[in-house]
Amino acid sequence: MSAAPFVPERLLARWRDWPPPTRLWIAYSGGLDSHVLLHACATVRAQLPAPLAAIHINHGLHPDAPRWAAHCQQVCAALGIALEVCAVHVNERAAQGREAAARAARYAAWRALLAPGEQLATAHQRDDQAETLLLALLRGSGVHGLAAMPASAPLGAGLLVRPLLDQSRAALADYARAHGLLWIEDPSNQDLTLERNFLRQQVMPLLTARWPAAARVVARTAAHCAEAALLIDRLSDARRADLTGTRSGTLSLAGLRRLDLPLRRAVLRRWLAHAGFAPPRAPLLARIADEMLAARADAQPCVRWPGCEIRRYRDDLHALVPLPPPPRAALAWDGRAPLVLPPGLGTLWAQPPADAPQCWQVRFGATGARCRPRADGPSRALKQWFQEHAIPAWLRPYVPLVFTAQGTLLGIGGLSVCAAFAPRFQWRDHPWHTLLAPLRVSC
């Protein structure tokens, strides 16, 4: 089956589906597909919605990388398109593998590049889309994974667009040959130990020999899955709005328990996505949706994966950046200048600063202390105070406690004053402002 010819004017219809950009960047690797995209955009640049520019990412993984960057500069100069070459560092020993590490570095550079209103166009085409769906299927992905690559998606402050998703690799190759384009052939594309290369060179030709429209049909399935994923997301967001916990950014455990299991898992995925966390693998999501919700009220279960951990306290489910090891050493403080706490815990201020140097100690995780805000009032054990103010047990070891040299508790971070003669304290720049803000009390 011959491929329908690709003509540059088809790109213009795609851009009518997206908000008009202030600048249009082309992700130009120097390979066939990105060269076709660059050349086609240059051909219709007068009708495109924004000025053109290109970016080439130098991963530094091949000895010829400098030569490839020079080739891209020559092509862009001939087309009259400004090119930015960005060198990135790729951790070749990354746990996720070199290819995944290169992709992460590439996307990080793109995110840093885009200003608000700008777009980055990549040259992913229909065969890429089919390969992405098949890889997701082989990895056991859900409907969101089977949706493969969206035609557009937020990227940093801008938008990532894929205007060639409806074009076949064969049609782009025909265009390149017809226009005499010269492109780079990356030798790593022949490495069959890489999953996508094996699928592209060994599996897809067999499928296409038996089903000539295989790539088009599989890509159509990805579009169907994308529609289903969109409906799931909309339903999940609507239900999530009714499941807010007692703290900002939390989910109510009681509300989650009322959902059937598939919807509960979908709500959890959307909650994590909106909070900026990568979704967990299915077994971990099952632990959150099943075990964590069924744990005893006094239990402290925790489910963690790189970059995120899920904890519960009373009826609230929290998604957090992983907690650092609790600090153990006491810090001396004279109260006149802000005290920088251990890494990740922010800064402690006395308000107003002490006129004369003090001999205070700042401790963490202290037990047995008591808090008495007024000289004529009752005192409470620190544990009781934490419970009354709903400070989660897993957060308490990080709350700075200010003591006199004689061991009198003066203040609990910026949350409470515990002695009539004590100044107010402010605890700033820590990651739990949202969590603790509703609990602040005036003394």
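This is a predicted model: local features need pLDDT of at least 70, side-chain atom pairs count only at pLDDT 80 or more; totals for chains, interfaces and linings use all residues.
Close-up 1. Strand β1 runs parallel to strand β2 (residues 52-58), and 4 bridges join the pair. Look for L24 here: it stands opposite L52 in β2. Strand β1 also runs parallel to strand β4 (residues 119-121), this time with 3 bridges. For a spot to look at in that pairing, take I26, whose bridge partner in β4 is A121.

**Close-up 2. Helices α2 and α3 packed together.** Helix α2 takes in residues 32-43 and helix α3 residues 65-79, and their axes are 11 Å apart. The angle between the two helices is about 15°, so α2 and α3 count as roughly parallel to each other. The crossing of α2 past α3 is right-handed. On the α2 side, the contact is made by H35, L38, H39 and A42.

**Close-up 3. An open sheet with three strands.** Here the strands come in the order β12-β13-β20, and the pairing is antiparallel. Strands β12 (339-340) and β20 stand at the edges. Each edge strand has a single partner, so one side of each has no neighbour in the sheet. Strand β13 (residues 347-351) is joined to β20 by 5 bridges. Find A350 in this view, and you can trace across to F425, its bridge partner in β20.

**Close-up 4. The loop around G344.** G344 sits in the loop between β12 and β13. With a relative accessibility of 48%, G344 is partly exposed. Which residues does G344 touch, leaving aside those up to four places away in sequence? They are H430 and P431. In sequence, G344 and P431 are 87 residues apart, but in space the gap from C-alpha to C-alpha is 7.5 Å.

**Close-up 5. The disulfide between C371 and C418.** The count of disulfides in this model comes to 1. That link is formed by C371 and C418, with 2.1 Å between their sulfur atoms. Is the link left-handed or right-handed? It is left-handed, with -90° about the S-S bond. The pair ties together distant parts of the chain, 47 residues apart. C371 belongs to strand β15 (residues 370-371), while C418 lies in the loop between β19 (416-417) and β20 (424-428). Both C371 and C418 are buried.

**Close-up 6. Two cysteines without a disulfide.** C86 is in no disulfide. C308 is in no disulfide either, and the nearest cysteine sulfur, that of C302, is 8.9 Å away. Is C308 buried or exposed? C308 is buried, and its relative accessible area is 0%.

Conventions:
Residues are numbered from 1 along each chain as its sequence is written. Side-chain values use heavy atoms; hydrogens and water are left out. A disulfide is a pair of cysteine sulfur atoms within 2.5 Å. Buried means under 20% relative accessible area, exposed over 50%, partly exposed in between (1.4 Å probe, protein chains only). Two strands pair if DSSP finds at least two bridges between them. Axes are lines fitted to C-alpha atoms, for helices over the stretch in contact, and angles run from 0 to 180 degrees between N-to-C directions. Angles under 35 degrees count as roughly parallel, over 145 as roughly antiparallel, 65 to 115 as roughly perpendicular and the rest as oblique. A crossing is left-handed if the near helix is turned anticlockwise from the far one by less than a right angle, and right-handed if clockwise. Contact means heavy atoms within 4.5 Å.
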